[in-house]
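Dear colleague,

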Amino acid sequence: MMTYMETIKIDDPRLDESFAFMFQLRKGDEVVLKSQNSLRGKVSDGVYIGEFPKHVAGDIHPRGITLYEIKLADDSTQILEEKELQKID
């Protein structure tokens, strides 16, 4: 059985309101790691990996994951899942 995966980057020009729900965070958003409040950084990039729903705008449960590249204060980067992050208001 072959599985087909699609990807779309956070700054892809094809993004419109139909795909907006795939990225709850935007470039430059300040975030904190939910499990470790001392780990703070800024979103520098993101990618959705998985299968796009057939009717994207009508399906609030995408079949994939969204990963974000987070730049930390010491200029290092980490790749984290959306569910691991919380936006700082």
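A salt bridge is counted here when a side-chain nitrogen of Lys or Arg lies within 4 Å of a carboxyl oxygen of Asp or Glu. By that criterion, Glu81 and Lys83 form a salt bridge, with their closest N and O atoms 3.9 Å apart.

The model is predicted: local features need pLDDT of at least 70, side-chain atom pairs count only at pLDDT 80 or more, and totals for chains, interfaces and linings use all residues. Residues are numbered from 1 along each chain as its sequence is written, and side-chain values use heavy atoms, with hydrogens and water left out.

Overall architecture

The chain contains zero helices and six strands, in the order β-β-β-β-β-β along the sequence. Helices (H or I, at least four residues) and strands (E, at least two) are DSSP runs, numbered from the N terminus. Of the 89 residues, 34% are buried; buried means under 20% relative accessible area, exposed over 50%, and partly exposed in between (1.4 Å probe, protein chains only). The chain exposes about 6300 Å², of which carbon and sulfur atoms supply 51%; areas come from the Shrake-Rupley method with a 1.4 Å probe, and for residues only the protein chains shown count as cover.

Strand pairing

Two strands are taken to pair if DSSP finds at least two bridges between them. Strand 3 (residues 36-51) pairs with strand 4 (residues 63-72) in the antiparallel sense over 10 bridges, and Gly50 stands opposite Gly64 in strand 4. Strand 4 is also joined to strand 5 (residues 77-81) by five bridges, again antiparallel, with Leu80 in strand 5 as the bridge partner of Tyr68. Strands 4 and 5 form a hairpin with four residues between them, and Asp75 in the turn has a positive phi of about 70°.

Nonpolar core

A nonpolar core is a set of buried Ala, Val, Leu, Ile, Met, Phe, Trp, Tyr and Cys residues joined through side-chain atoms within 4.5 Å. The largest has 15 residues, and Tyr68 and Ile70 are among those with the most contacts inside it. Strand 2 (30-33), strand 3 and strand 4 each give two or more residues to this core. Leaving aside neighbours within four places in sequence, Ile70 is in contact (heavy atoms within 4.5 Å) with residues including Val31, Val43, Leu80 and Leu85.

Ser44 and its surroundings

Ser44 lies in strand 3 and is partly exposed, at a relative accessible area of 27%. Beyond four places in sequence, Ser44 touches Lys27, Glu69, Ile70 and Lys71. The C-alpha atoms of Ser44 and Glu69, 25 residues apart along the chain, are separated by 5.6 Å. Their side chains make a polar contact of 2.7 Å, a term that requires a pair of N or O atoms within 3.5 Å; within protein, one must be able to donate a hydrogen and the other to accept it, and residues adjacent in sequence count only if both atoms are side-chain atoms.

Further salt bridges

The structure holds four salt bridges. Asp45 forms one of them with Lys9, the closest N and O atoms being 2.9 Å apart. Because Asp45 lies in strand 3 and Lys9 in strand 1 (residues 6-9), this pair ties together parts that are 36 residues apart in sequence. Asp45 counts as buried at 17% relative accessibility, whereas Lys9 is partly exposed at 41%. Asp11 forms a salt bridge with Lys27, at 3.0 Å between the closest N and O atoms.

With kind regards
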